[in-house]
Amino acid sequence: DVESGSAPGTVVHLTPEQQANIPGAPPFAIQTGIGILAVRELQRAGRRTLQAAEFLRGMPAFIGSQLN
């Protein structure tokens with residue numbers, strides 16, 4: 001299990017150490033109740049699928065967000 005120390009649902013930046021332990025690691029993850037969920041790609045409603053790094057370039061304030 002990998003933890004960020006953040007509350008579940010928080011979008012967190014992966015540290016270089018965490019990225020080294022996750023093959024093909026994206027730049028961010030979601031803290032869960034038991035670890036982190038690395039997000040490789042995502043799709044917003046009505047939009048095309050984006051790689052995590054591409055999404056983050058357009059939404060840098062997403063890191064630190066709390067998902068509900």
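The largest nonpolar core comprises 10 residues, namely Val11, Phe28, Ile30, Val39, Leu42, Leu50, Ala52, Phe55, Leu56 and Phe62. At least two residues of this core come from each of β2 and α2 (52-58), and α2 supplies the largest share, with 3 residues. Leaving aside residues up to four places away in sequence, Phe55 is in contact with Phe28, Leu42, Arg44, Leu50 and Phe62. In soluble globular proteins, nonpolar side chains tend to be buried together.

The model described here is predicted. Its protein chain has an average pLDDT of 89, and 96% of the residues score at least 70. Confidence in the chain is lowest in helix α1 (residues 16-21), where the mean is 85, and highest in strand β5 (residues 49-51), where it reaches 95.

An open sheet is formed by 3 strands in the order β1-β2-β3, with antiparallel pairing. Its edge strands, each of which pairs on one side only, are β1 (11-13) and β3 (36-38). From one strand to the next, the twist averages 40°. Strand β1 is joined by 3 bridges to β2 (residues 28-31), and the two run antiparallel; His13 stands opposite Phe28, which lies in β2 and belongs to the largest nonpolar core.

| Residue | Relative accessibility | Class |
|---|---|---|
| Thr10 | 9% | buried |
| Gln18 | 11% | buried |

Why does Thr10 count as buried? With a cut-off of under 20% relative accessible area for burial, Thr10 counts as buried because its relative accessibility is 9%. Thr10 lies in the segment before β1, and, not counting residues up to four places away in sequence, Thr10 touches Ala29, Ile30, Gln31, Gly64, Ser65 and Gln66. Although Thr10 and Ser65 are 55 residues apart along the chain, their C-alpha atoms are separated by 5.7 Å. The side chain of Thr10 also makes a polar contact, at 2.8 Å, with the side chain of Gln66.

Gln18, for its part, lies in helix α1, the element in which the confidence of the chain is lowest. Because its relative accessibility is 11%, Gln18 counts as buried. A polar atom of the Gln18 side chain lies 2.9 Å from the backbone nitrogen of Thr15.

Note on methods
Residues numbered from 1 in each chain as written. Predicted model: local features only at pLDDT ≥ 70, side-chain atom pairs only at ≥ 80, totals over all residues. Heavy atoms only, no water. Pairing = 2+ DSSP bridges. Helix = DSSP H or I, 4+ residues; strand = E, 2+ residues; numbered from the N terminus. Axes fitted to C-alpha atoms, helices over the stretch in contact; angles between N-to-C directions. Core = buried A, V, L, I, M, F, W, Y, C linked by side-chain atoms within 4.5 Å. Buried < 20%, exposed > 50% of the residue type's maximum accessible area, 1.4 Å probe, protein only. Contact = heavy atoms within 4.5 Å. Polar contact = N/O pair within 3.5 Å; in protein donor to acceptor, adjacent residues only side chain to side chain. pLDDT = per-residue confidence, 0-100.
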